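Here is a short briefing on one protein model.

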Amino acid sequence: MNVFSVDTLIISLVILFIALRFMPVKGVKQVNTTQLKGLLKEKGFQFVDVRTQGEFGQYHIPGFKNIPLHQLSQKANTLKKDKEVVVICQSGMRSKKASKVLKKQGFKQITNVKGGVSTWKG
């Protein structure tokens, strides 16, 4: 009898998949919203909010440009590859995906805001 059953294998793969979703993207800096406040005072950053236009319209952090995640691949050319991109969403999941999209498009300096707008206390 085999030590690992099919059920054990499936459960292990599901756990691995879930764990990988929460791990930071390699080569992408992570900051919290407290650290973001300091970045907003500096020059040389591009701030991108990848939430939908509706979410962005209801509330957004001043200084952020809205490029919804589903449009990021097509609109990444509006960003400069030689300037750091700081990405935010509602909770941090879409901005993590956005960081992967930007990496694939050749951006080298990317920062993801952990916790997203939901943890921002302006």
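Strand 4 (residues 84-88) has five of its five residues buried, so the strand is largely enclosed by the rest of the structure. Buried means under 20% relative accessible area, exposed over 50%, and partly exposed in between, with a 1.4 Å probe and protein chains only. Strands (E, at least two residues) and helices (H or I, at least four) are DSSP runs, numbered from the N terminus.

The model is predicted: local features need pLDDT of at least 70, side-chain atom pairs count only at pLDDT 80 or more, and totals for chains, interfaces and linings use all residues. Residues are numbered from 1 along each chain as its sequence is written, and side-chain values use heavy atoms, with hydrogens and water left out.

**Strand 4 and its partners**
- E84, V86 and I88 point one way from strand 4, while V85 and V87 point the other way; all are buried.
- Strand 2 (residues 45-49) runs parallel to strand 4, joined by five bridges. Pairing requires at least two DSSP bridges between two strands.
- D49 stands opposite I88 of strand 4.
- Strand 5 (residues 110-113) is also parallel to strand 4, with three bridges.
- T111 in strand 5 is the bridge partner of V86.

**Whole chain**
- The protein chain holds five helices and five strands.
- Their order along the sequence is α-β-α-β-α-β-α-β-α-β.
- Of the 122 residues, 34% are buried.
- Among contacts (heavy atoms within 4.5 Å) between residues at least 6 apart in sequence, 67% join residues at least 24 apart.
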